[in-house]
Amino acid sequence: AHLDALLPSEKTAPETIHKAMRYSIFAGGKRLRPVLCLAACEACGGDPKNALTPACASEMLHTYSLIHDDLPCMDDDDYRRGRLTNHKIFGDGVAVLAGDALLNESFLALASYEPLETRFSPLDFIKSLSSAGGSKNLIGGQIMDIEAEGKSNEITYKALVKIHEGKTGALLTSAIEMGGMAANATASQQDSLRRFGSNIGLAFQVIDDILDVTQDSASLGKTAGKDLLMEKATYPALLGLEKAKEIAEELTSNAINAAQELPEPSVLLVLADYLLKRKK
């Protein structure tokens, strides 16, 4: 409902772009980043309702990245979240613009946000999200991912971690960080949240890599086996399935230890366990 309120309706001119934006933003999915944002707010003793706007902003930015990631010039995927990708419905040009628009709307939402707590301003939220989505993090990770295609036999474990800290971990951590900010978190609590985020972000990517080679497209809601087809650098390709599973478990354990330092960590703990055991 909050996402719906923040975005222009399909009847707002020009209608095509708003239909395309809404097609992807309301396609379902786990809503992991906004859920983690709300859970982080609660973990620091705040009211999750206060974190709805940054939660939605993180989902807008994430969805923009998915629309662009699926384009023929990138991963060329036909399905996302169990339905045809944006460019398959609206064409490449509109899909590019729909992603661009969602990116801009994410910052408009934060610029208009009035935190109930006084320790952090809208500018602090904008800095967190823009840094996560920038050339040193999400976009940087995507660039390194593209450059590593076909070189899975050459890439080091350290380089693989760097890719996924950027393309996956940074935005997850920002969503969690913003949830803490919405609860007026202390410096110590923010440190715990960042450690939770960095570990759970990497664990999420390891599991994603594992599922790509162990599940089918119907289960995943997107094209299975794409990593292998494109010769992407993944944890199973570099380390094997069993070692990849061990790493996911270790990272999840690290995240749980960090969350337990917070006042009300129960939802974060449940989410960490769910992400480790998920099948899609």
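This is a predicted model: local features need pLDDT of at least 70, side-chain atom pairs count only at pLDDT 80 or more; totals for chains, interfaces and linings use all residues.
The protein has 15 helices and two strands. Its radius of gyration is 18 Å, close to the 19 Å that the globule rule gives for 280 residues, and so the protein is as compact as a globular protein of that length. Taken along the principal axes, the box filled by the C-alpha atoms is roughly 50 × 50 × 30 Å.

If we take the contacts between residues at least 6 apart in sequence, 71% of them join residues at least 24 apart. As for charge, there are 29 positive and 38 negative side chains, and the centres of these two sets lie 1 Å apart.

Let me now turn to helix H2, which spans residues 15-25. Is this helix enclosed or exposed? Eight of its eleven residues are buried, and therefore H2 is largely enclosed by the rest of the structure. The buried residues are Ile-17, His-18, Ala-20, Met-21, Arg-22, Tyr-23, Ser-24 and Ile-25. Their cover includes helix H1 (2-6), helix H4 (52-69), strand S2 (83-84), H5 and H6.

Leaving aside neighbours within four places in sequence, Ser-24 is in contact with Thr-63, Ile-67, Arg-81 and Asn-86.

The structure holds three aromatic pairs, and I will describe two of them. In one, the ring centres of Tyr-23 and Phe-90 are 5.6 Å apart and the planes are at 75°, so the pair is edge-to-face. Since Tyr-23 lies in helix H2 and Phe-90 in helix H5 (residues 86-90), the pair ties together parts that are 67 residues apart in sequence. Tyr-23 is buried, at 14% relative accessibility, whereas Phe-90 is partly exposed, with a relative accessible area of 24%.

Another pair is formed by Tyr-113 and Phe-125, again edge-to-face, with 5.0 Å centre to centre and 85° between the planes. Here Tyr-113 sits in the loop between helix H6 (92-111) and helix H7 (122-133), while Phe-125 belongs to helix H7, and the two residues are twelve apart in the chain. Both Tyr-113 and Phe-125 are buried.

To finish, where does Asn-137 lie? This residue is in the loop between H7 and helix H8 (138-147), and with a relative accessible area of 21% Asn-137 is partly exposed. Apart from neighbours within four places in sequence, Asn-137 is in contact with Ser-131, Ala-132, Gly-166, Lys-167 and Ala-170. I would also mention Thr-168, which is 31 residues from Asn-137 in sequence and 8.5 Å from Asn-137 in space, C-alpha to C-alpha.

Terms used: Residues are numbered from 1 along each chain as its sequence is written. Side-chain values use heavy atoms; hydrogens and water are left out. Helices (H or I, at least four residues) and strands (E, at least two) are DSSP runs, numbered from the N terminus. The radius of gyration is taken over C-alpha atoms; the globule rule is 2.2 Å times the number of residues to the power 0.38. Contact means heavy atoms within 4.5 Å. Lys and Arg count as positive and Asp and Glu as negative; His and the chain ends are not counted. The place of a charge is taken as NZ of Lys, CZ of Arg, CG of Asp or CD of Glu. Rings of Phe, Tyr and Trp (its six-membered ring) pair if their centres lie within 6.5 Å; planes under 30 degrees apart count as stacked, over 60 as edge-to-face and the rest as tilted. Buried means under 20% relative accessible area, exposed over 50%, partly exposed in between (1.4 Å probe, protein chains only).
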